[in-house]
Amino acid sequence: MSHYLIIILVSVLAQLGHFDAKEAALPGAMVEEKTGANNIVIPLKRAGNLILIDGKIDGQTGSFILDTGAPGLVLNATYFRESKPAAKGQGQGITGSRMKRRTKHINQFSFAGLVFENLKADVLNLGHIENVRNIKILGLIGTAFIRDYEVVLDISQKSMRMYRIDKKGNYMAPCPDKTKYSVHHEIDFINNVIVTKIPVGGKNVRFCIDTGAEHNVLDFNNHRNVMKTISITSRRKLQGANSERIEVLYGVMNDFALAGQAFPRMQVVLLDMTSMRAAYDIFIKGMLGFDFFKQGVVRINTRKGIMSMALN
């Protein structure tokens, strides 16, 4: 049976969605580019720790959350009510509650001059995000819309640059990126999800790289050597799908490094990630979210399998 996951990763009770990668709503053909096919610069906005991109979908203009933890396009049910039940697939919240999966056909979706036609999108209630952040959210933009590009995310400058790449990950045109990257780490692209293995406490932990997560996350069922590296700072109640509430632990990671570069005392949320593993069909034990991306400029090339960083 297919599943998707709703997971809450913010202390202010905002709601994020993650969908079964195999059943995800993926884009149709890209039909038009207006800002330069090979090198695109996209201004970003922020709502708390959420990263937002302006877009337009079937005549409606608004903000979309950039969410590399979502494979395809997810729409806010507040504005897209004429959805229908999916042929298969059901939702599961972090506390185990069940939700029916719904989808909607979209004629045209565009952002940053990229235009897509004939899409199927998943539909989910994102009202909690809007209520907390006081901003209109039309949906989430997943990895399917950026997989043909090398992506450079610069949180401090509120900018995302996209450079078109070929099937081997090489640039299709001269790349103007002059950033000096000092950290390089291998990544994998599995089921339309970006993942990487990072040693923590002497054990390799597989993390999902997720721009839609407001915090880093670690599964509290990790090996005891991993858990010994975490200093717990607080215990809080968070809200999940359908107003469910769970208790999670907040802490800091004392032994997190990429390619020998230490990232001291990065914040992390500890919770049970069993449902997420089922949703992705990948054995992940952690997530790298906003607290990771704010460490510097992050460059991701899924076809070469490399993530690079220029630290602040």
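Mentor: I will start with the cavities and then move to the parts around them.

This is a predicted model, in which local features need pLDDT of at least 70, side-chain atom pairs count only at pLDDT 80 or more, and totals for chains, interfaces and linings use all residues. Residues are numbered from 1 along each chain as its sequence is written, and side-chain values use heavy atoms, with hydrogens and water left out.

Rolling a probe the size of a water molecule over the atoms shows where empty space is left. Here a cavity is a set of points on a 1 Å grid over the protein atoms alone where a 1.4 Å probe fits but cannot get out, and lining residues have an atom within 4 Å of a point. Grid points are joined across faces, edges and corners, and a volume is the space filled by probe spheres set on the points. The search covers the whole structure and returns 2 cavities of 30 Å³ or more.

The largest cavity has a volume of about 120 Å³. Its lining consists of 15 residues, and T68, I146, V151, I194 and I300 lie nearest its centre. By class there are 9 nonpolar, 5 polar and 1 charged; Ala, Val, Leu, Ile, Met, Phe, Trp, Tyr, Cys and Pro count as nonpolar, Asp, Glu, Lys and Arg as charged, and the others, Gly among them, as polar. Strands are DSSP runs of E with at least two residues, numbered from the N terminus. Both β13 (149-154) and β26 (296-301) supply at least two lining residues each, and the largest share, 3 residues, comes from β13. Domain 1 (9-164) and domain 2 (183-311) both contribute to the lining, so the largest cavity lies between them. The domain bounds come from an automatic or database domain assignment.

R299 is also part of β26. R299 counts as buried because its relative accessibility is 19%; buried means under 20% relative accessible area, exposed over 50%, and partly exposed in between, with a 1.4 Å probe and protein chains only. Between R299 and L153 there are 146 residues of sequence separation, yet their C-alpha atoms are 6.3 Å apart.

The second largest cavity has a volume of about 30 Å³. Its lining is made by L44, K45, R46, I51, I155 and K158, which divide into 3 nonpolar, no polar and 3 charged residues.

Domain 1 (9-164) and domain 2 (183-311) each provide at least three of its residues.

Notes: 1 Å grid on protein atoms, 1.4 Å probe; cavity = no way out; pocket = protein on both sides within 12 Å on 5 of 7 lines; lining within 4 Å. Helix = DSSP H or I, 4+ residues; strand = E, 2+ residues; numbered from the N terminus.
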